[in-house]
Structure formats: C-alpha cells, structure tokens
Amino acid sequence: MNSERTPGFGTRAVHAGQQPDPTTGAIMTPVYLTSTYVQEAPAKTKGYDYSRSHNPTRTALEQNLAALEGGRHGLGFASGMAAIHCVLNLLQSGDHVIAGNDLYGGTYRLLRTLYTKFGLETTFVDLTDLGQLEAAFRPSTRLVMLETPTNPLLRCCDLAAIAKICRRKKVLSMADNTFATPWLQTPLALGCDIVAHSTTKYLGGHSDVVGGALICDDGALHQQLMHFQNSCGGTPGPMDCFLVLRGTKTLHVRMQRHCENALAVAQWLSEDKRVERVYYPGLPSHANHAVAMQQMRAGGGMVSVELKATVEQAKQVCASFAVFSLAESLGGVESLVDHPASMTHASIPAEQRRGAGLQDGLIRLSVGIEDQADLIADIDGALRRLR
Ligand SMILES: *Cc1c(COP(=O)(O)O)cnc(C)c1O
C-alpha cells in the first residue's frame, strides 16, 4: 500500500492495528491470555510488563479504533461507563461540567450521584440550542459532554459548532459517538477533543461483549487519560478486545445495512395511521435533519416511534414481535425493541419523562441487518395489537 495515502474506512476497519503474528504468521491477532511478561533484565521489556497497563490484543484494538475515529491515540476500557468515568478523572473539585440534558442514563447517574459528592457541578442543557450552551459557561467550566444522536429521541447537535465554542472558551469537549459510530461521523475531525464509545453496541456489533473506548489526538491528553486508565484499572480483558476487534472488521458493511433497513422502517412507519410520530435523523421530518445530514453519512440504525398507545398498549406491542427481540441495548446484528417508559428510562419520574418528550407510547427500535421485508412485516404484525 502506498504509505502517502490514508487508506479508506473499510481498509482501516479490516487492517489497522493488526499485523500477522511474527512467530507463526497467524493472520488474526492472538488473544494474549497473560497477566505478566518475562523480562530479559530488570525493567528490560518488549513494551509489555503487566496486562492492566498494556496487553498486545488491547493494543491492536486501541490502534484500530484510533484509526477509525481519525485520532492518534486509542484507549480500551471494560465498559462504556469505565471510559466515561476516565474522562471525568481529568476534573477536580470545584470544576464545572456542561452536559446534554438527554445523556445516556448511566452518564447522568455518574455525574449526579457520584461526582457531586467530590464537588463537581454539572449543568444539563439542550445542546441543540447553542444559546443555551453559551449561557451555561462559568469561569470554572472545564468540560462539555455531548451525545449525538441521543437516546431515545435521536436528537442531533452540531458537533463542529459546539467544538468551535469549546475551543474559543478553552474548554475540553467529549463526544459520545456510540449511536453514530465513526462510519457515520468523526467528531475529532470536527474539532472535538475526546471521543467516547460503548463498544458494547455497534463497534462490537454482535451483542456478545461489554466494552468501552476513548480516542483522542492530543499526546498530552492521551498521557493523562492513560494514567487514569492504568490507575483505576477498568481495562478490558484480551478476549473482550478480540471480540470488539472482530466486530470492527465488518463495521462499515453492517452500518450500511443498519442504515438502509432503518430508513426503510422509518419511512414505512411514517405512513402508518397507528403511529403518532417517527423520530429518525434521516427523515426530513426530524427536527435536526439538517444538522444530522451535514455531519453524518446516513441516518443511523436507531428509529424511535411514538405510537397512539397507552403504556399498557405499548407494552403489549413490544411483547408481540417475532423477529425483533424485547431487550435493552442496541447496535447488534439482530433487531431489538425497547419500551423506554418501562425499561431503559423507567428510573426517570413519569412527569419529567413526558416533559422531556418521552411519551408513554414511545418504542425504540434497534434495526438489525435481517431482511427488510421481514422486519417490516414483523412491525406490522405487532402494531395489530393496537386495533
Ligand atoms: C450503552 C451506552 C453507554 C454505556 O456503555 P456500557 O458499555 O453499557 O458501559 C454510554 N453511552 C451510550 C450512548 C450508550 O448507549
């Protein structure tokens, strides 16, 4: 390969961070099930001394993810939450964080229940409104945490505009890119400082592993984050790294199909009388369609649908699918359905939930890569419960 040229996404997905094993020629990166490494002389190592600090399978994954996000440095974690927790370790007592008001529940919980006790303050704002973001800055603001698209209403905020404001204010920005994946959008290229992932979702892609990652471009920032990664120890095991690495090899192919299927499902649902509203960034009817299409390659694999239904009816619909499985999580090859009001978002008080636009009849679909006609027939069948 010509080294002057940056390989395309698919080539990076399959190859970045991986070389054939020098001792055997094995084409796949071995799962290095080892905790320690023999040293030739005290402190004379081959770059590895203890597997919490570094492990070759993890190194391959970290380099692969960095290449996909277009950053120089990647760090692997045992879960998405361990990765996000690592970012918060950059802060100290008295610091202020601005976060999206519909962040992933676990991130919200970390900010609200754990970090307040260490004197960290967070203001939650609607990041699709840049005025709200500007107004929330304080002299003590150190970090802006965002997600786009968000869960479950798939609201999209302007990555480039937010990154620009953060750079002007000299405040770090972290984008959780779990829902979009680097195939759809690359926040570092748009000026964000850190990308966070739950690799449990699309990057792993097969619902068989829990993991997380951080990617950044700045060397000093990477050193700090790596220090916390090693100090706190929330690192992934080599088998988990192998599974995510196997997942990323097909990321571009899977995402393409996820997006095609999700668009078809969203279009079909928009024309159905049993449906109140469809939330899909790829549809012109979506409130943030313009921003989404400016920064994303396609609309993504998630579709949320507000049914003309009560909580009980929505639960019945969710239990009536045959191809879609009723489960939390997302991003695997198989289609999943979730009822946020009684499952993923049940911990939010009902009034607050409805106030945030999360109605009782809302269901969230993680559209898989099965045959489109089967998915649509399955949805049609489940919606018959509403008659
Ligand atoms: C799932 C998820 C997380 C948390 O990741 P885990 O791997 O479950 O710890 C964080 N952010 C988003 C957007 C997620 O979907």
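I worked from a predicted model, in which local features need pLDDT of at least 70, side-chain atom pairs count only at pLDDT 80 or more, and totals for chains, interfaces and linings use all residues. Residues are numbered from 1 along each chain as its sequence is written, and side-chain values use heavy atoms, with hydrogens and water left out.

**Ligand site**

I started with the shell around the ligand. I found 13 residues there, and the closest are Gly80, Asp176, Ser198, Thr200 and Lys201. A residue counts as near if one of its heavy atoms lies within 4 Å of the molecule.

Which helix gives the largest share of the shell? It is H3 (residues 80–88), with 3 residues. Helices (H or I, at least four residues) and strands (E, at least two) are DSSP runs, numbered from the N terminus.

I then sorted the shell by class: 4 nonpolar, 6 polar and 3 charged residues. Here Ala, Val, Leu, Ile, Met, Phe, Trp, Tyr, Cys and Pro count as nonpolar, Asp, Glu, Lys and Arg as charged, and the others, Gly among them, as polar.

Next came polar contacts (pairs of N or O atoms within 3.5 Å; within protein, one must be able to donate a hydrogen and the other to accept it, and residues adjacent in sequence count only if both atoms are side-chain atoms).
- Asp176 places a polar side-chain atom 2.7 Å from a nitrogen atom of the ligand.
- Lys201 places a polar side-chain atom 2.7 Å from an oxygen atom of the ligand.
- Met81 uses its backbone instead: an N or O atom there lies 2.9 Å from a ligand oxygen atom.

I also looked up the cover. On its own the ligand has 370 Å² of accessible area, and the protein covers 91% of it. Such areas come from the Shrake-Rupley method with a 1.4 Å probe; for residues, only the protein chains shown count as cover.

**Helix pair H2 and H9**

I moved on to H2 (residues 56–69) and H9 (residues 238–248). Their axes are 8 Å apart and the angle is about 35°. Axes are lines fitted to C-alpha atoms, for helices over the stretch in contact, and angles run from 0 to 180 degrees between N-to-C directions.

Is the crossing left-handed or right-handed? It is left-handed. That label applies if the near helix is turned anticlockwise from the far one by less than a right angle; clockwise is right-handed.

From H2 the contact includes Leu61, Leu65 and Leu68; from H9 it includes Phe242, Val244 and Leu245. Contact means heavy atoms within 4.5 Å. By class I noted 9 nonpolar, 3 polar and 1 charged residues.

**Helix pair H10 and H14**

H10 (residues 251–270) and H14 (residues 372–383) have axes that come within 10 Å and cross at roughly 35°. This crossing is right-handed. Trp268 and Leu269 are among the H10 residues in contact, and Ile376 and Ile379 among those of H14. I noted 8 nonpolar, 2 polar and 2 charged residues.

**His289**

His289 sits in H11 (residues 289–295). Its C-alpha atom is 7.9 Å from that of Cys156, 133 residues away along the chain. A polar side-chain atom of His289 lies 3.2 Å from the backbone oxygen of Leu283.

**Loop between E4 and H6**

Pro149 lies in the loop between E4 (141–147) and H6 (159–168). Pro152 and Leu154 are in that loop too. Most residues other than glycine have a negative phi, and most peptide bonds are trans. I found the Thr148 to Pro149 bond cis, with omega near -5°. The Asn151 to Pro152 bond is cis, with omega near 0°. Leu154 has a positive phi, near 60°.
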